[in-house]
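Please look through the structure below before reading my notes. They are numbered so that you can check each one against the model.

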Amino acid sequence: MASSSSYSSSPCAACKFLRRKCMPDCVFAPYFPPEEPQKFVNVHKVFGASNVSKLLNEVPAYQREDAVNSLAFEAEARLKDPVYGCVGAISVLQRQVIRLQRELDATHANLIRYVYNEMPRPPFPPPLPADQSSGFYYPYRWTDPNEDNERSGGGNM
(Lines give C-alpha, C1' and ligand atoms only; values in the text may rest on other atoms or scores of the structure.)
Protein backbone atom coordinates (compact mmCIF):
# COMPACT_ATOMS: atom_id res chain seq x y z
CA MET A 1 0.00 0.00 0.00
CA ALA A 2 1.31 3.39 -0.91
CA SER A 3 0.92 6.02 1.73
CA SER A 4 -0.41 9.39 0.79
CA SER A 5 -2.36 12.09 2.58
CA SER A 6 -5.51 11.55 0.47
CA TYR A 7 -5.53 7.76 0.95
CA SER A 8 -6.99 6.46 4.20
CA SER A 9 -5.79 3.17 5.67
CA SER A 10 -8.11 0.21 6.07
CA PRO A 11 -10.64 0.64 8.89
CA CYS A 12 -10.19 -1.38 12.04
CA ALA A 13 -12.14 -4.61 12.42
CA ALA A 14 -14.65 -2.93 14.73
CA CYS A 15 -15.47 -0.05 12.41
CA LYS A 16 -15.60 -2.37 9.43
CA PHE A 17 -18.06 -4.68 11.23
CA LEU A 18 -20.16 -1.77 12.50
CA ARG A 19 -20.02 -0.17 9.02
CA ARG A 20 -18.80 3.18 10.16
CA LYS A 21 -15.88 5.40 9.30
CA CYS A 22 -12.79 4.67 11.36
CA MET A 23 -11.63 7.96 12.86
CA PRO A 24 -8.03 8.64 13.90
CA ASP A 25 -9.06 8.65 17.56
CA CYS A 26 -11.02 5.35 17.30
CA VAL A 27 -10.73 3.53 20.63
CA PHE A 28 -10.99 0.13 18.89
CA ALA A 29 -8.32 0.62 16.20
CA PRO A 30 -5.20 -0.24 18.24
CA TYR A 31 -6.73 -3.45 19.58
CA PHE A 32 -8.88 -4.80 16.75
CA PRO A 33 -6.73 -4.72 13.59
CA PRO A 34 -8.41 -5.30 10.21
CA GLU A 35 -6.58 -8.68 9.89
CA GLU A 36 -8.44 -10.08 12.93
CA PRO A 37 -12.14 -9.45 12.29
CA GLN A 38 -13.32 -12.51 14.23
CA LYS A 39 -11.79 -11.14 17.43
CA PHE A 40 -14.14 -8.14 17.37
CA VAL A 41 -17.12 -10.18 16.15
CA ASN A 42 -16.83 -12.47 19.18
CA VAL A 43 -16.38 -9.59 21.63
CA HIS A 44 -19.31 -7.73 20.07
CA LYS A 45 -21.61 -10.78 20.26
CA VAL A 46 -20.93 -11.32 23.97
CA PHE A 47 -20.37 -7.81 25.35
CA GLY A 48 -21.66 -5.35 22.76
CA ALA A 49 -19.70 -2.57 21.07
CA SER A 50 -20.96 0.21 23.33
CA ASN A 51 -20.04 -1.67 26.53
CA VAL A 52 -16.56 -2.42 25.19
CA SER A 53 -16.13 1.21 24.17
CA LYS A 54 -17.14 2.41 27.65
CA LEU A 55 -14.84 -0.10 29.30
CA LEU A 56 -11.86 0.89 27.16
CA ASN A 57 -12.43 4.58 27.93
CA GLU A 58 -12.48 3.86 31.69
CA VAL A 59 -9.36 1.65 31.69
CA PRO A 60 -5.95 3.37 31.77
CA ALA A 61 -4.23 3.33 28.38
CA TYR A 62 -1.42 1.02 29.55
CA GLN A 63 -3.96 -1.65 30.59
CA ARG A 64 -6.23 -1.53 27.53
CA GLU A 65 -4.43 -4.20 25.54
CA ASP A 66 -4.68 -6.64 28.45
CA ALA A 67 -8.33 -5.75 28.90
CA VAL A 68 -9.09 -6.39 25.22
CA ASN A 69 -7.20 -9.70 25.30
CA SER A 70 -9.18 -10.75 28.38
CA LEU A 71 -12.46 -9.74 26.73
CA ALA A 72 -11.54 -11.63 23.56
CA PHE A 73 -10.62 -14.75 25.54
CA GLU A 74 -13.79 -14.61 27.64
CA ALA A 75 -15.93 -13.99 24.56
CA GLU A 76 -14.45 -16.96 22.71
CA ALA A 77 -14.87 -19.18 25.78
CA ARG A 78 -18.45 -17.96 26.31
CA LEU A 79 -19.33 -18.71 22.68
CA LYS A 80 -17.90 -22.22 22.98
CA ASP A 81 -19.53 -22.85 26.36
CA PRO A 82 -22.40 -20.41 27.01
CA VAL A 83 -23.02 -21.67 30.55
CA TYR A 84 -19.54 -21.79 32.08
CA GLY A 85 -17.33 -19.79 29.72
CA CYS A 86 -13.81 -19.31 31.12
CA VAL A 87 -14.72 -21.03 34.37
CA GLY A 88 -15.35 -24.24 32.44
CA ALA A 89 -11.96 -23.98 30.75
CA ILE A 90 -10.25 -23.29 34.09
CA SER A 91 -12.02 -26.26 35.67
CA VAL A 92 -10.87 -28.55 32.87
CA LEU A 93 -7.30 -27.33 33.30
CA GLN A 94 -7.43 -27.80 37.08
CA ARG A 95 -8.62 -31.40 36.67
CA GLN A 96 -5.84 -31.97 34.17
CA VAL A 97 -3.25 -30.61 36.62
CA ILE A 98 -4.59 -32.90 39.38
CA ARG A 99 -4.48 -35.92 37.05
CA LEU A 100 -0.95 -35.10 35.92
CA GLN A 101 0.17 -34.61 39.55
CA ARG A 102 -1.17 -38.06 40.43
CA GLU A 103 0.60 -39.52 37.40
CA LEU A 104 3.84 -37.82 38.45
CA ASP A 105 3.50 -39.15 42.00
CA ALA A 106 2.91 -42.68 40.67
CA THR A 107 5.95 -42.36 38.41
CA HIS A 108 8.09 -41.24 41.35
CA ALA A 109 6.86 -44.22 43.39
CA ASN A 110 7.68 -46.59 40.50
CA LEU A 111 11.12 -45.02 40.18
CA ILE A 112 11.81 -45.52 43.89
CA ARG A 113 10.68 -49.16 43.65
CA TYR A 114 12.91 -49.67 40.62
CA VAL A 115 15.94 -48.13 42.33
CA TYR A 116 15.55 -50.27 45.45
CA ASN A 117 15.01 -53.46 43.43
CA GLU A 118 18.11 -52.81 41.36
CA MET A 119 20.41 -51.98 44.27
CA PRO A 120 22.71 -54.88 45.25
CA ARG A 121 21.50 -56.63 48.37
CA PRO A 122 23.91 -57.42 51.17
CA PRO A 123 25.20 -61.00 50.87
CA PHE A 124 23.74 -63.60 53.22
CA PRO A 125 26.17 -64.99 55.79
CA PRO A 126 27.66 -68.32 54.70
CA PRO A 127 26.07 -71.39 56.33
CA LEU A 128 27.88 -72.83 59.31
CA PRO A 129 29.44 -76.26 58.99
CA ALA A 130 27.18 -79.11 60.11
CA ASP A 131 29.26 -79.88 63.18
CA GLN A 132 28.80 -76.36 64.63
CA SER A 133 25.47 -75.80 66.33
CA SER A 134 24.24 -72.22 66.10
CA GLY A 135 20.64 -72.87 67.15
CA PHE A 136 19.50 -71.59 63.76
CA TYR A 137 18.34 -73.89 60.98
CA TYR A 138 18.65 -72.65 57.43
CA PRO A 139 15.60 -73.38 55.33
CA TYR A 140 17.54 -75.48 52.81
CA ARG A 141 18.90 -77.80 55.50
CA TRP A 142 16.48 -80.54 56.48
CA THR A 143 16.82 -82.28 59.79
CA ASP A 144 15.04 -85.42 60.85
CA PRO A 145 13.01 -84.82 64.02
CA ASN A 146 13.70 -88.42 65.11
CA GLU A 147 17.44 -87.72 65.07
CA ASP A 148 16.97 -84.94 67.60
CA ASN A 149 14.90 -87.19 69.86
CA GLU A 150 17.49 -89.91 69.78
CA ARG A 151 20.28 -87.47 70.67
CA SER A 152 18.36 -85.94 73.53
CA GLY A 153 17.42 -89.24 75.07
CA GLY A 154 14.37 -90.14 72.98
CA GLY A 155 11.78 -89.40 75.62
CA ASN A 156 8.33 -87.93 75.11
CA MET A 157 7.50 -84.62 76.62
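1. The model is predicted, not determined by experiment. Please keep that in mind for every value that follows.

2. Start with helix α4, which has 17 residues. From its first C-alpha to its last, α4 reaches 24 Å, close to the 24 Å expected at 1.5 Å a residue. Its buried residues are Arg 64, Ala 67, Val 68, Leu 71, Ala 72, Glu 74, Ala 75 and Ala 77.

3. How many salt bridges does a search of the whole structure find? The search finds three. They are taken one by one in the next points.

4. Arg 78 and Glu 74 are joined by a salt bridge, at 3.3 Å from N to O. Both residues belong to helix α4 and lie four residues apart, about one turn of the helix. Glu 74 counts as buried because its relative accessibility, 19%, falls under the 20% cut-off. Arg 78, at 29%, is partly exposed.

5. A salt bridge also links the side chains of Glu 76 and Lys 80, with 3.4 Å between N and O. Glu 76 and Lys 80 are four residues apart in helix α4, so about one helical turn separates them. An α-helix has 3.6 residues a turn, so residues three or four places apart point the same way. Glu 76 is partly exposed, with a relative accessible area of 39%, while Lys 80 is exposed at 67%.

6. Lys 39 and Glu 36 form a salt bridge too, and their closest N and O atoms are 4.0 Å apart. Is Lys 39 buried or exposed? Lys 39 counts as buried, at 18% relative accessibility. Glu 36 is partly exposed, with a relative accessible area of 38%.

7. Asn 42 sits in helix α2, which covers residues 37-47. Its side chain makes a polar contact with the side chain of Gln 38, at 2.9 Å. Which residues does Asn 42 touch, leaving aside its neighbours within four places in sequence? They are Ala 75, Glu 76 and Leu 79. Asn 42 is buried, because its relative accessibility of 11% is under 20%.

8. Last, look at the surface patch. Val 83, Tyr 84 and Val 87 make up a nonpolar patch there, with about 340 Å² of accessible area together. Tyr 84 lies in the loop between α4 (64-80) and α5 (86-118). Tyr 84 counts as exposed because its relative accessible area, 52%, is over 50%.

Terms used: Residues numbered from 1 in each chain as written. Predicted model: local features only at pLDDT ≥ 70, side-chain atom pairs only at ≥ 80, totals over all residues. Heavy atoms only, no water. Patch = residues over 30% accessible without salt bridge, like charges linked within 9 Å, V, L, I, M, F, W, Y side chains within 5 Å. Areas by Shrake-Rupley, 256 points an atom, 1.4 Å probe, with all protein chains shown as cover. Helix = DSSP H or I, 4+ residues; strand = E, 2+ residues; numbered from the N terminus. Buried < 20%, exposed > 50% of the residue type's maximum accessible area, 1.4 Å probe, protein only. Polar contact = N/O pair within 3.5 Å; in protein donor to acceptor, adjacent residues only side chain to side chain. Contact = heavy atoms within 4.5 Å. Expected span 1.5 Å × (residues − 1).
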